[in-house]
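User: Hi! I have a model open here and would like to talk through a few of its features. Could you help me get started?
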Amino acid sequence: MENVLLEVNNHIAQLTIHRPKALNALNKQTIAELSESLDPLAENPKVRVLIITGSGEKAFVAGADIKEFAGFDVKEGAQLAAAGHEMLFDKIENFPKPVIAAVNGFALGGGLELAMACHFRIASDNARLGLPETSLGLIPGYGGTQRLPQLVGKGKAIEMITTASMITAQDAYKWGLVNQVVAPAELADTCQKIAQKIAFNSPMAVSAALRAISGGFNDKVNGYNIEISEFGKCFGTDDFKEGTIAFLEKRKPNF
Ligand code: CAA
């Protein structure tokens, strides 16, 4: 892979988007490389958590690659958005293991949309977040019009998208767009510590919880029914046996 770096250590995988000259902007190749990386990580039982970040201290991802789509027509524009949803953004949202965005700088346009497709976000205090597409004569095309209102509410999402303004990491924290803000030097370590806590728990239960929570945001299914079904299924698993026996034996579980 040219634009994406992969590391796996102690149950934690990290994908780093590495196009420093373009502030890690998402071109077609980078989207394909990210997409292809996800499938084996989803299936690898040794991987329990995924962190996605950008290379360097300036940018997480500065958006879709403007140079690449500048000459597109209506059909190509629609294809760009559809392919992005299918190949990457929906795949991350439906990833069977928690995906943390380590937002280490500018997260703009497709970059903020990528962070929002992740299950939650931790930002460095130098991060700037926004959906500037309307300033380019566009609207967000990688899920931003849908996921931003889910995270910050309709009014703030409309303000961010129609003003095309960037917000600070602190404002993103106040608005619920990121879970935590830390110094840039502490970002990697903070994400690793959170990932380690997740990796200690039952991977089966963590995936089941993700399915139930996501079910609540899917109009086609009833989240409460998914919770009931997933809860029931847990009782048939070795992880449930180990978790409950460990509690009763007053020891830590070994999943
Ligand atoms: N696409 C392609 N190249 C990009 C880029 C992008 N989204 N963002 C930055 N770059 C490139 C710049 O063109 C520049 O390259 P050159 O040196 O070859 O000119 C290099 O990265 C460094 O960028 P700047 O010189 O602009 O750096 P800066 O510090 O002055 O500004 C910035 C930083 C504010 C992030 C600015 O680069 C910027 O505004 N970038 C564009 C942000 C944007 O509009 N993103 C939305 C894209 S549209 C989209 O994402 C659509 C969608 O929803 C699907």
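Analyst: Happy to! Let's begin with a term: rings of Phe, Tyr and Trp count as a pair if their centres lie within 6.5 Å, and planes under 30 degrees apart are called stacked, over 60 edge-to-face. Keep in mind that this is a predicted model.

User: Good to know. How many aromatic pairs does a search of the whole structure find?
Analyst: The search turns up three aromatic pairs. One of them joins phenylalanine 89 and tyrosine 142, which are stacked at 4.5 Å centre to centre with 25° between the planes.

User: Where do phenylalanine 89 and tyrosine 142 sit in the chain?
Analyst: Phenylalanine 89 belongs to helix α3 (residues 74–93), while tyrosine 142 is in the loop between β8 (128–130) and α5 (144–152). They are 53 residues apart, so this pair links distant parts of the chain. Phenylalanine 89 counts as buried because its relative accessibility is 0%, and tyrosine 142 is buried too, with a relative accessible area of 6%.

User: And what about phenylalanine 231 and phenylalanine 235, stacked or edge-to-face?
Analyst: Those two are edge-to-face, 5.1 Å centre to centre with 65° between the planes. Phenylalanine 231 is exposed, at 55% relative accessible area, whereas phenylalanine 235 is partly exposed at 44%. Ring pairs also bring in Phe240, giving a cluster of Phe231, Phe235 and Phe240.

User: Switching to the strands: is β2 mostly covered or open?
Analyst: Mostly covered: six of the six residues in β2 (residues 12–17) are buried. Ile12, Gln14 and Thr16 point one way, and Ala13, Leu15 and Ile17 point the other way. In general, side chains in a regular strand alternate between the two faces of the sheet.

User: Which way does β2 run relative to β1 and β3?
Analyst: β1 and β2 run antiparallel, joined by six bridges, and leucine 5 has threonine 16 of β2 as its bridge partner. β2 and strand β3 (residues 49–54) run parallel, also with six bridges; there, isoleucine 17 stands opposite glycine 54. With helix α1 (residues 28–43), β2 and β3 make a right-handed β-α-β unit.

User: What's going on in the hairpin of β1 and β2?
Analyst: Two residues lie between the strands, and asparagine 10 takes a positive phi near 45°.

User: Last one: which residues make the nonpolar surface patch?
Analyst: Met1, Leu6 and Val8 make that patch, which covers about 280 Å². Leucine 6 lies in strand β1 (residues 4–9) and counts as partly exposed because its relative accessibility is 40%.

Terms used:
Residues are numbered from 1 along each chain as its sequence is written. This is a predicted model: local features need pLDDT of at least 70, side-chain atom pairs count only at pLDDT 80 or more; totals for chains, interfaces and linings use all residues. Side-chain values use heavy atoms; hydrogens and water are left out. Patches are made of residues with over 30% relative accessible area and no salt bridge: like charges are joined within 9 Å, nonpolar side chains (Val, Leu, Ile, Met, Phe, Trp, Tyr) within 5 Å. Accessible areas come from the Shrake-Rupley method with a 1.4 Å probe; for residues, only the protein chains shown count as cover. A salt bridge is a side-chain nitrogen of Lys or Arg within 4 Å of a carboxyl oxygen of Asp or Glu. Helices (H or I, at least four residues) and strands (E, at least two) are DSSP runs, numbered from the N terminus. Buried means under 20% relative accessible area, exposed over 50%, partly exposed in between (1.4 Å probe, protein chains only). Two strands pair if DSSP finds at least two bridges between them. A crossover is right-handed if, with the strands pointing away from the viewer, the path from the first strand over the helix to the second runs clockwise. Rings of Phe, Tyr and Trp (its six-membered ring) pair if their centres lie within 6.5 Å; planes under 30 degrees apart count as stacked, over 60 as edge-to-face and the rest as tilted.
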